[in-house]
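Dear colleague,

Please find below the structure that I am handing over to you.

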Amino acid sequence: MNAYGFIPPHPFNIFIITYFFLGGLSAGAFLFSVFAKYIKKEFAPLSDWGFLLPLPALALGLLLLVLDLGHPERFYFIMLNYRPTSMAWWGTILLNGFGLINLLYVILKQKYKLLAYLGSLFAVGVAFYSGLLLYQMAGKPLWHSPFTVLTTFVGALLSGTAAVLLLGIMNGKIDGIKDALPGLGKIIGRVIILELILIFVEVISLIGGDVYADATVKILLWGKLSVYFLLGQVILGLILPLMICFKGANRIKEGSMLLVLVVLLLIGGFITRLVLVSAGQGITISLPGGLL
Amino acid sequence: MSNKMTRREFLKKTSSAVLGVTLAGGLSKRAEAVKALPAVEPLDLPGLSDLASETNIVMLEDIRRALKKPLSKRKWTMIIDLRKCVGCSACSLGCIAENKLPPGVVYRPVFEEEKGTYPMVKKQFIPRPCMQCENPPCTKVCPVGATHSREDGVVDINYNQCIGCKLCINACPYNARSADEGKFYTKNTPKLQPYEEIEFYEYSKVWARKKRKSPIGNARKCHFCVHRLSQGLLPACVSTCIGRATYFGDRSDKNSLVARLIATEKTKKIRESLGTKPQVYYIGGN
């Protein structure tokens with residue numbers, strides 16, 4: 001539908017998409033590092049650098065968020081207000097808390113297990129944060145879905161793990177754990193399967209909904225975002241990595257295949273956020289039948 | 001020298017005298033009107049009595065009655081009769097002029113939708129102001145409390161508190177909010193035209209769009225012209241509607257036109273299933 005002067009709003013731009021991606025990545029990197037250091041100790045060499053990753057990623061993400069504000073000079077207003085109904089307000093607490101605990105943990109030479117577990121709690125919150133933030137937008141069927149919240153959480157785990165592995169490849173830490181890599185590949189593979197199931201259920205749950213849900217399915221499957229969704233998010237970001245994890249488990253030991261895996265996961269993770277944000281806000285009231 | 005007037009002189013003097021008397025009379029009448037204006041209540045002006053049934057006059061009376069009540073007792077409500085809307089967009093333009101809206105910000109767009117299948121087709125025009133929801137999703141997501149529901153149900157924005165995070169824009173299921181990105185219609189012309197920077201009234205305060213100053217950088221939306229309401233005037237879109245398709249008033253007043261319409265007409269609301277409780281009703285449309 002047309003209307004004089006009306007421009008369908010798309011307020012979340014590439015800054016916010018990148019902020020969501022980096023927020024999830026930093027949380028995922030922390031959680032993987034805790035997992036590597038205290039649970040699956042064969043991956044422990046990766047955790048030292050893994051704990052260093054969240055802070056710069058978080059700082060860059062928050063910088064982008066502030067720069068995107070209409071009034072960046074007022075960013076601190078969030079901290080001066082008590083707004084428990086706003087997920088963004090909770091996000092500020094989670095991000096700041098997570099950042100501070102991560103900083104403290106690094107400053108204290110990554111010694112205190114309790115701090116790592118406390119940080120994990122905040123990291124779980126941060127990994128869920130973007131999904132929960134979008135969930136508050138009840139008018140957008142793709143965002144207002146519990147499956148989307150779970151998808152963003154699992155996506156954050158995958159991106160964070162991939163980022164820590166990439167750092168391990170770059171600084172040679174990966175060489176010491178080559179024999180454990182196929183096992184790690186299988187763990188990642190299982191997480192990818194979970195993500196694929198969640199995405200499948202998410203799309204299925206939209207079919208047969210109202211005009212907004214129908215329009216979302218169309219935009220994802222054969223609309224302007226279908227290439228990003230099907231090719232970028234699903235095939236490039238999930239199916240190909242899945243094949244590498246299971247079919248090429250032994251070849252993961254070779255650095256090049258692991259590099260392909262982590263790069264695909266990172267690209268896929270970014271495209272997932274891009275598709276989620278763009279498809280969600282791409283559905284506006286101007287679509288036919290959207291008003292009455 | 002003769003005292004006898006020539007014909008030319010007589011006509012000149014006579015016409016001057018007539019003109020003088022006319023002007024003097026007119027000016028004195030005008031002077032009386034200027035003096036009298038503050039004391040005369042607009043609806044009691046002579047000549048308007050025969051228009052007592054005219055909807056805008058009825059609605060003005062409704063507003064005047066509502067203003068006598070405390071803010072919390074008023075329920076400002078808008079009703080749009082889609083059977084009468086001709087899609088002229090006068091309401092959109094009236095609103096743009098009233099609130100000095102920049103490019104990309106339209107508080108009340110009029111959507112056009114084709115209905116039916118050939119050859120039984122028709123065009124449906126659907127004006128969409130802010131719904132002033134009783135349960136507004138936009139206020140809940142605001143991380144700084146810059147937007148809230150007033151006691152009379154109007155959802156307002158504190159421009160000086162708004163940080164411009166745009167969450168409320170995405171939270172509104174009606175796309176009734178837009179970001180003021182600081183654009184000007186005459187930006188790339190030799191001179192920025194003064195009408196783009198002149199003062200305007202929103203939320204009963206005076207604003208002007210200046211670089212990096214609010215409301216530039218803020219979320220913006222329809223506010224039922226609360227600055228006009230406070231002066232006993234109708235919202236600009238209601239005044240400018242040439243088809244009298246928009247009704248406005250205090251729903252809590254049983255005698256108001258909007259209350260009577262809600263009681264007698266079949267009304268509907270947009271996306272009511274979301275639980276937002278919009279305060280804009282529609283009549284007609286399918």
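Predicted model: local features only at pLDDT ≥ 70, side-chain atom pairs only at ≥ 80, totals over all residues.

The interface between the chains

I begin with the place where the two chains touch. On one side, 50 residues of chain B take part, and they are in contact with 41 residues of chain A. Together the two chains bury about 3,700 Å², and 62% of this area lies on carbon and sulfur atoms. Three residues stand out here: B:F111, B:I163 and B:N170 supply 19% of the area that chain B buries against chain A, more than any other three residues.

Polar groups also meet across this boundary. There are 19 residue pairs in polar contact between chain B and chain A, counting pairs with both residues at pLDDT 80 or more. Four elements of chain B each give two or more residues to the side that touches chain A, namely α3 (90–99), β2 (110–117), α4 (137–141) and α5 (167–171). The largest share, five residues, comes from β2(B). Sorted by class, this side of chain B has 25 nonpolar, 13 polar and twelve charged residues.

How many salt bridges cross the interface of chain B and chain A? The rule finds one. It is formed by B:K166 and A:D68, whose closest N and O atoms are 3.4 Å apart. As background, side chains of opposite charge can pair when their charged atoms come close.

An open sheet of three strands has the order β1(A)-β2(B)-β3(B), and its pairing is antiparallel. At the edges stand β1 of chain A and β3 of chain B, each with a single partner strand, so one side of each is left without a neighbour in the sheet.

The link between the chains in this sheet is made by strand β1 of chain A (residues 2–3), which is joined to β2(B) by two bridges and runs antiparallel to it. A:N2 has B:E112 as its bridge partner.

Within chain B, β2(B) pairs with strand β3 (residues 120–127) in the antiparallel sense over eight bridges. The two strands form a hairpin with two residues between them. Along this pair, B:V110 has B:P127 as its bridge partner, and B:E112 stands opposite B:F125.

A sheet within chain B

Chain B also has an open sheet of four strands in the order β10-β1-β12-β11, with mixed pairing. Its edges are β10 (246–250) and β11 (267–268), each with a single partner strand, so one side of each is left without a neighbour in the sheet. β11(B) pairs with strand β12 (residues 280–283) of chain B in the antiparallel sense over two bridges, and there B:T267 stands opposite B:I283.

Two helices of chain B accompany this sheet. Helix α2 (residues 55–67) lies across β1 (76–81) and β10, running at about 20° to β10(B). Helix α8 (residues 257–264) packs on the sheet and touches β1, β10, β11 and β12 of chain B, its direction making about 110° with that of β10(B).

Salt bridges in the whole structure

Over all chains, a search of the whole structure finds 17 salt bridges. One of them joins the side chains of B:R83 and B:E265, at 3.5 Å from N to O. B:R83 lies in the loop between β1 and α3 of chain B, and B:E265 in the loop between α8 and β11 of chain B, so the pair ties together parts that are 182 residues apart in sequence.

Yours sincerely

Note on methods:
Residues numbered from 1 in each chain as written. Chains lettered and ligands numbered in written order. Heavy atoms only, no water. Contact = heavy atoms within 4.5 Å. Buried area = accessible area lost by both parts, 1.4 Å probe. Salt bridge = Lys/Arg side-chain N within 4 Å of Asp/Glu carboxyl O. Polar contact = N/O pair within 3.5 Å; in protein donor to acceptor, adjacent residues only side chain to side chain. Nonpolar A, V, L, I, M, F, W, Y, C, P; charged D, E, K, R; others polar. Pairing = 2+ DSSP bridges. Axes fitted to C-alpha atoms, helices over the stretch in contact; angles between N-to-C directions.
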